[in-house]
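Please examine the structure shown below.

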Amino acid sequence: MKSTAIFVAVAALAATAQAVVPQEHSHDITINAFRKFNKADVDPIFGPLGAQVAGENAAKSKDANIRNGGESCLQQNLADLAIAGCGNDKTCLKVSLQYRVLERNTGGVGVLSKDCATAPKSALLSTLKQYQDINNAASAARNSGIELALMKVLVESVGLSADEAATAVLETATFGKQKGNGNTNGRGASCDGPTSANRDFETDKANFGKAVTAPQAFTDPVTGLSFKAGDAIDCITLADFQLPGTEFGRNPQNSRAQLIASVGNGGNANSGGNNGGNDNNNNGNN
(Lines give C-alpha, C1' and ligand atoms only; values in the text may rest on other atoms or scores of the structure.)
Protein backbone atom coordinates (compact mmCIF):
# COMPACT_ATOMS: atom_id res chain seq x y z
CA MET A 1 0.00 0.00 0.00
CA LYS A 2 1.26 3.47 -0.83
CA SER A 3 2.55 5.59 2.01
CA THR A 4 -0.11 8.23 1.41
CA ALA A 5 -2.94 5.76 1.67
CA ILE A 6 -5.05 5.05 4.72
CA PHE A 7 -3.76 1.91 6.20
CA VAL A 8 -5.36 -1.20 7.53
CA ALA A 9 -4.67 -1.13 11.25
CA VAL A 10 -4.87 -4.39 13.00
CA ALA A 11 -4.60 -5.73 16.49
CA ALA A 12 -5.85 -8.07 19.11
CA LEU A 13 -6.68 -6.51 22.45
CA ALA A 14 -3.81 -6.19 24.86
CA ALA A 15 -4.01 -7.79 28.28
CA THR A 16 -4.80 -4.69 30.28
CA ALA A 17 -8.28 -3.24 30.67
CA GLN A 18 -7.09 0.10 29.36
CA ALA A 19 -5.82 -1.41 26.13
CA VAL A 20 -7.36 -0.16 22.93
CA VAL A 21 -7.36 -1.37 19.37
CA PRO A 22 -6.86 0.85 16.34
CA GLN A 23 -10.43 0.75 15.07
CA GLU A 24 -11.85 3.09 17.70
CA HIS A 25 -9.76 5.95 16.31
CA SER A 26 -11.63 5.71 13.02
CA HIS A 27 -14.22 8.10 14.42
CA ASP A 28 -11.92 10.26 16.51
CA ILE A 29 -13.69 13.49 15.58
CA THR A 30 -17.02 12.26 16.96
CA ILE A 31 -15.51 10.59 20.02
CA ASN A 32 -13.38 13.61 20.88
CA ALA A 33 -16.36 15.93 20.41
CA PHE A 34 -18.49 13.73 22.66
CA ARG A 35 -15.79 13.61 25.32
CA LYS A 36 -16.44 17.31 26.02
CA PHE A 37 -20.00 16.44 27.09
CA ASN A 38 -19.32 13.08 28.72
CA LYS A 39 -20.53 13.10 32.34
CA ALA A 40 -19.46 9.57 33.23
CA ASP A 41 -16.37 8.22 34.97
CA VAL A 42 -15.67 6.05 31.92
CA ASP A 43 -13.93 7.50 28.89
CA PRO A 44 -16.13 7.36 25.75
CA ILE A 45 -13.37 5.63 23.78
CA PHE A 46 -14.48 2.38 25.42
CA GLY A 47 -18.11 2.53 24.29
CA PRO A 48 -17.42 1.50 20.67
CA LEU A 49 -14.84 -1.11 21.68
CA GLY A 50 -15.37 -4.85 21.75
CA ALA A 51 -17.07 -6.83 24.48
CA GLN A 52 -14.10 -7.54 26.74
CA VAL A 53 -12.68 -4.05 27.11
CA ALA A 54 -16.06 -2.30 27.06
CA GLY A 55 -17.33 -4.65 29.74
CA GLU A 56 -14.26 -4.29 31.93
CA ASN A 57 -14.47 -0.51 31.87
CA ALA A 58 -18.23 -0.40 32.40
CA ALA A 59 -17.77 -2.55 35.50
CA LYS A 60 -15.26 -0.05 36.91
CA SER A 61 -17.78 2.80 36.95
CA LYS A 62 -19.07 3.97 40.32
CA ASP A 63 -22.37 4.86 38.64
CA ALA A 64 -24.89 1.99 38.55
CA ASN A 65 -26.52 3.58 35.52
CA ILE A 66 -23.27 3.22 33.59
CA ARG A 67 -22.67 -0.34 34.81
CA ASN A 68 -26.21 -1.38 33.94
CA GLY A 69 -26.26 -3.78 31.01
CA GLY A 70 -22.49 -4.19 30.91
CA GLU A 71 -20.59 -4.00 27.64
CA SER A 72 -23.61 -4.08 25.38
CA CYS A 73 -25.12 -0.98 27.01
CA LEU A 74 -22.03 1.14 27.75
CA GLN A 75 -22.28 3.19 24.55
CA GLN A 76 -26.00 3.86 25.11
CA ASN A 77 -25.53 4.64 28.81
CA LEU A 78 -22.79 7.17 28.14
CA ALA A 79 -24.94 8.94 25.53
CA ASP A 80 -27.94 8.81 27.87
CA LEU A 81 -26.09 10.46 30.75
CA ALA A 82 -24.65 13.14 28.48
CA ILE A 83 -28.06 13.98 27.02
CA ALA A 84 -29.48 14.40 30.52
CA GLY A 85 -27.04 17.29 30.96
CA CYS A 86 -27.38 18.85 27.51
CA GLY A 87 -30.39 21.03 28.21
CA ASN A 88 -31.15 22.85 24.96
CA ASP A 89 -27.56 22.73 23.70
CA LYS A 90 -28.01 21.49 20.13
CA THR A 91 -24.33 20.64 19.70
CA CYS A 92 -24.35 18.50 22.84
CA LEU A 93 -27.49 16.70 21.72
CA LYS A 94 -26.20 16.18 18.18
CA VAL A 95 -22.83 14.80 19.26
CA SER A 96 -24.38 12.53 21.88
CA LEU A 97 -26.74 11.06 19.30
CA GLN A 98 -23.90 10.65 16.80
CA TYR A 99 -21.84 8.84 19.41
CA ARG A 100 -24.68 6.43 20.16
CA VAL A 101 -24.85 5.06 16.61
CA LEU A 102 -21.14 4.53 15.91
CA GLU A 103 -20.31 0.98 14.89
CA ARG A 104 -18.85 -1.10 17.71
CA ASN A 105 -15.83 -3.36 17.32
CA THR A 106 -16.29 -7.10 17.34
CA GLY A 107 -13.93 -10.05 17.21
CA GLY A 108 -14.33 -10.86 13.54
CA VAL A 109 -15.28 -9.56 10.13
CA GLY A 110 -19.07 -9.60 9.76
CA VAL A 111 -19.63 -10.41 13.43
CA LEU A 112 -22.52 -8.44 14.89
CA SER A 113 -22.21 -6.53 18.15
CA LYS A 114 -24.74 -7.27 20.86
CA ASP A 115 -27.60 -4.82 21.27
CA CYS A 116 -28.41 -3.28 24.62
CA ALA A 117 -31.49 -4.97 26.06
CA THR A 118 -32.34 -2.08 28.40
CA ALA A 119 -34.43 0.85 27.19
CA PRO A 120 -32.66 4.23 27.34
CA LYS A 121 -33.92 6.91 29.68
CA SER A 122 -33.84 9.56 26.97
CA ALA A 123 -36.65 9.44 24.43
CA LEU A 124 -34.16 10.78 21.89
CA LEU A 125 -32.32 7.45 21.99
CA SER A 126 -35.35 5.18 21.80
CA THR A 127 -35.10 4.55 18.04
CA LEU A 128 -31.30 4.40 17.85
CA LYS A 129 -28.83 1.52 18.00
CA GLN A 130 -25.24 1.13 16.85
CA TYR A 131 -24.41 0.39 13.23
CA GLN A 132 -23.28 -3.12 12.40
CA ASP A 133 -20.45 -4.42 10.24
CA ILE A 134 -21.59 -4.14 6.62
CA ASN A 135 -19.83 -7.43 5.86
CA ASN A 136 -22.81 -9.12 7.47
CA ALA A 137 -25.75 -9.51 5.09
CA ALA A 138 -28.19 -8.31 7.73
CA SER A 139 -26.44 -4.99 8.28
CA ALA A 140 -27.36 -2.93 5.21
CA ALA A 141 -31.06 -2.68 6.03
CA ARG A 142 -30.38 -2.09 9.72
CA ASN A 143 -27.79 0.61 9.07
CA SER A 144 -30.06 2.35 6.60
CA GLY A 145 -32.84 2.40 9.16
CA ILE A 146 -30.51 3.83 11.81
CA GLU A 147 -29.37 6.59 9.46
CA LEU A 148 -32.99 7.54 8.78
CA ALA A 149 -33.92 7.35 12.45
CA LEU A 150 -30.99 9.56 13.43
CA MET A 151 -31.96 12.02 10.70
CA LYS A 152 -35.52 12.20 12.03
CA VAL A 153 -34.45 12.80 15.63
CA LEU A 154 -31.91 15.46 14.68
CA VAL A 155 -34.48 17.41 12.67
CA GLU A 156 -37.67 16.89 14.63
CA SER A 157 -36.36 16.76 18.21
CA VAL A 158 -33.03 18.57 18.22
CA GLY A 159 -34.09 21.23 15.72
CA LEU A 160 -31.31 20.99 13.15
CA SER A 161 -31.98 21.93 9.56
CA ALA A 162 -32.24 19.04 7.12
CA ASP A 163 -28.86 19.97 5.65
CA GLU A 164 -27.18 20.11 9.06
CA ALA A 165 -28.76 16.83 10.09
CA ALA A 166 -27.72 15.07 6.88
CA THR A 167 -24.11 16.10 7.44
CA ALA A 168 -24.27 14.82 11.02
CA VAL A 169 -25.66 11.48 9.87
CA LEU A 170 -23.11 11.06 7.09
CA GLU A 171 -20.30 11.79 9.55
CA THR A 172 -21.26 8.67 11.51
CA ALA A 173 -21.46 6.27 8.56
CA THR A 174 -19.57 3.03 8.92
CA PHE A 175 -16.81 1.57 6.77
CA GLY A 176 -17.49 0.04 3.39
CA LYS A 177 -17.55 -3.68 2.74
CA GLN A 178 -14.20 -5.38 3.01
CA LYS A 179 -12.77 -6.26 -0.39
CA GLY A 180 -10.43 -9.03 -1.27
CA ASN A 181 -7.98 -9.20 1.61
CA GLY A 182 -9.45 -12.40 2.99
CA ASN A 183 -9.35 -11.43 6.64
CA THR A 184 -11.79 -13.40 8.75
CA ASN A 185 -10.16 -13.05 12.14
CA GLY A 186 -11.27 -9.58 13.19
CA ARG A 187 -8.49 -7.78 11.35
CA GLY A 188 -10.90 -5.81 9.25
CA ALA A 189 -10.65 -2.55 7.39
CA SER A 190 -9.61 0.23 9.70
CA CYS A 191 -7.28 3.18 9.96
CA ASP A 192 -5.26 4.96 12.56
CA GLY A 193 -2.15 6.93 13.38
CA PRO A 194 -0.17 9.56 11.48
CA THR A 195 -0.76 9.83 7.78
CA SER A 196 2.82 9.78 6.57
CA ALA A 197 3.42 6.04 6.47
CA ASN A 198 1.79 2.64 6.46
CA ARG A 199 2.24 1.31 9.99
CA ASP A 200 1.42 -1.96 11.66
CA PHE A 201 -0.01 -1.72 15.17
CA GLU A 202 2.13 -4.47 16.68
CA THR A 203 5.41 -3.05 15.40
CA ASP A 204 4.72 0.65 15.88
CA LYS A 205 2.25 1.01 18.76
CA ALA A 206 3.69 4.37 19.83
CA ASN A 207 2.39 6.11 16.71
CA PHE A 208 -1.21 5.00 16.96
CA GLY A 209 -3.72 7.56 18.13
CA LYS A 210 -1.63 10.55 17.08
CA ALA A 211 -3.36 13.43 15.39
CA VAL A 212 -4.38 13.08 11.76
CA THR A 213 -4.34 16.25 9.68
CA ALA A 214 -5.59 17.13 6.23
CA PRO A 215 -2.69 16.86 3.75
CA GLN A 216 -4.27 19.50 1.52
CA ALA A 217 -7.48 21.47 1.16
CA PHE A 218 -10.35 19.20 0.15
CA THR A 219 -14.08 18.58 0.42
CA ASP A 220 -15.14 15.25 1.87
CA PRO A 221 -17.11 13.46 -0.88
CA VAL A 222 -19.30 11.70 1.71
CA THR A 223 -20.18 14.44 4.19
CA GLY A 224 -19.66 17.49 2.00
CA LEU A 225 -17.56 19.17 4.70
CA SER A 226 -14.58 21.25 3.56
CA PHE A 227 -11.15 21.24 5.19
CA LYS A 228 -8.01 23.31 4.87
CA ALA A 229 -4.53 21.81 4.75
CA GLY A 230 -3.45 21.06 8.31
CA ASP A 231 -6.97 20.87 9.76
CA ALA A 232 -7.48 18.15 12.35
CA ILE A 233 -9.54 15.33 10.85
CA ASP A 234 -10.25 11.72 11.69
CA CYS A 235 -8.68 9.05 9.57
CA ILE A 236 -11.97 7.90 8.08
CA THR A 237 -12.39 11.42 6.66
CA LEU A 238 -8.95 11.12 5.12
CA ALA A 239 -9.98 7.76 3.68
CA ASP A 240 -13.09 9.35 2.15
CA PHE A 241 -10.76 11.73 0.33
CA GLN A 242 -7.84 9.49 -0.58
CA LEU A 243 -9.66 6.22 -1.20
CA PRO A 244 -13.23 7.16 -2.12
CA GLY A 245 -15.71 4.33 -2.41
CA THR A 246 -13.40 1.75 -0.86
CA GLU A 247 -13.62 -0.34 2.29
CA PHE A 248 -11.52 2.24 4.13
CA GLY A 249 -13.83 5.22 3.71
CA ARG A 250 -17.38 5.79 4.82
CA ASN A 251 -20.09 4.14 2.79
CA PRO A 252 -23.48 5.34 4.06
CA GLN A 253 -26.59 3.45 3.04
CA ASN A 254 -28.45 6.67 2.19
CA SER A 255 -27.27 9.62 0.14
CA ARG A 256 -27.58 13.21 1.34
CA ALA A 257 -30.55 13.67 -1.00
CA GLN A 258 -32.28 10.57 0.36
CA LEU A 259 -31.73 11.66 3.95
CA ILE A 260 -33.13 15.13 3.30
CA ALA A 261 -36.09 13.71 1.41
CA SER A 262 -36.86 11.40 4.34
CA VAL A 263 -37.79 14.34 6.59
CA GLY A 264 -39.86 16.15 3.98
CA ASN A 265 -40.57 19.70 5.09
CA GLY A 266 -39.31 18.95 8.58
CA GLY A 267 -35.91 20.36 7.75
CA ASN A 268 -37.37 23.84 7.41
CA ALA A 269 -39.52 23.68 10.49
CA ASN A 270 -38.62 23.97 14.11
CA SER A 271 -41.64 22.12 15.46
CA GLY A 272 -40.50 19.78 18.18
CA GLY A 273 -36.98 21.13 17.86
CA ASN A 274 -34.76 22.08 20.76
CA ASN A 275 -36.94 20.18 23.25
CA GLY A 276 -34.62 17.23 23.68
CA GLY A 277 -32.98 18.56 26.79
CA ASN A 278 -36.32 19.16 28.52
CA ASP A 279 -38.11 15.85 28.02
CA ASN A 280 -35.31 13.38 27.59
CA ASN A 281 -35.76 11.56 30.88
CA ASN A 282 -39.31 10.32 30.41
CA ASN A 283 -38.68 6.99 28.73
CA GLY A 284 -37.18 3.72 29.80
CA ASN A 285 -36.11 2.30 33.12
CA ASN A 286 -32.37 2.40 32.92
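**Disulfides, fold and selected residues**

Q: Which residue forms a disulfide with C86, and how far apart are the sulfur atoms?
A: This is a predicted model. In the model, C86 is joined through a disulfide to C92. The sulfur atoms of C86 and C92 are 1.9 Å apart.

Q: Is the disulfide of C86 and C92 left-handed or right-handed?
A: The handedness follows from the torsion about the S-S bond, which is about -70°. Because this torsion is about -70°, the disulfide of C86 and C92 is left-handed.

Q: Are C86 and C92 buried or exposed?
A: A residue counts as buried when its relative accessible area is under 20%. C86 has a relative accessible area of 7%, and C92 has one of 3%. Therefore C86 is buried, and C92 is likewise buried.

Q: How many disulfides does the structure hold?
A: One of the links is that of C86 and C92. Another is formed by C73 and C116, with sulfur atoms 2.0 Å apart. The number of disulfides in the structure is two.

Q: How many residues apart are C73 and C116?
A: C73 and C116 form a disulfide, and this pair links distant parts of the chain. C73 lies in the loop between α3 and α4, whereas C116 lies in the loop between α5 (90-101) and α6 (139-158). Their separation is 43 residues.

Q: Is the link of C73 and C116 left-handed or right-handed?
A: C73 is buried, with a relative accessible area of 1%. C116 also counts as buried, at 8% relative accessibility. With 90° about the S-S bond, the link of C73 and C116 is right-handed.

Q: What pattern does the chain follow along the sequence?
A: The secondary structure comes to nine helices and four strands. Read along the sequence, these elements give the pattern α-α-α-α-α-α-α-β-β-β-β-α-α.

Q: What share of the 286 residues in the chain is buried?
A: The chain exposes about 11800 Å², of which carbon and sulfur atoms supply 50%. Of the 286 residues in the chain, the buried share is 52%.

Q: Among contacts between residues at least 6 apart in sequence, what percentage join residues at least 24 apart?
A: This percentage concerns contacts in the chain between residues at least 6 apart in sequence. Those joining residues at least 24 apart come to 68%.

Q: Which residue's side chain makes a polar contact with the side chain of Q130?
A: Q130 lies in the loop between α5 and α6 and counts as buried, at 0% relative accessibility. Leaving aside neighbours within four places in sequence, Q130 is in contact with residues including Q75, R100, R142 and I146. The polar contact of its side chain, at 3.0 Å, is with the side chain of S113.

Q: How far apart in space are G70 and Q52, C-alpha to C-alpha?
A: G70 lies in the loop between α3 (64-67) and α4 (74-84) and counts as partly exposed, at 22% relative accessibility. G70 and Q52 are 18 residues apart in sequence. Their distance in space, C-alpha to C-alpha, is 9.9 Å.

Q: What is the mean pLDDT of the chain?
A: In the chain, 72% of residues reach a pLDDT of 70 or more. The mean pLDDT of the chain is 78.

Q: How many contacts beyond near neighbours in sequence does the stretch of residues 1-22 have?
A: Over residues 1-22 the pLDDT is below 50. Over residues 180-189 the pLDDT stays under 50, and the model has 20 contacts there beyond four places in sequence. For residues 1-22, the contacts beyond near neighbours in sequence number 75.

How values were computed. Residues are numbered from 1 along each chain as its sequence is written. This is a predicted model: local features need pLDDT of at least 70, side-chain atom pairs count only at pLDDT 80 or more; totals for chains, interfaces and linings use all residues. Side-chain values use heavy atoms; hydrogens and water are left out. pLDDT is the predictor's confidence in each residue, from 0 to 100. Contact means heavy atoms within 4.5 Å. Helices (H or I, at least four residues) and strands (E, at least two) are DSSP runs, numbered from the N terminus. Buried means under 20% relative accessible area, exposed over 50%, partly exposed in between (1.4 Å probe, protein chains only). Accessible areas come from the Shrake-Rupley method with a 1.4 Å probe; for residues, only the protein chains shown count as cover. A disulfide is a pair of cysteine sulfur atoms within 2.5 Å. A polar contact is a pair of N or O atoms within 3.5 Å; within protein, one must be able to donate a hydrogen and the other to accept it, and residues adjacent in sequence count only if both atoms are side-chain atoms.
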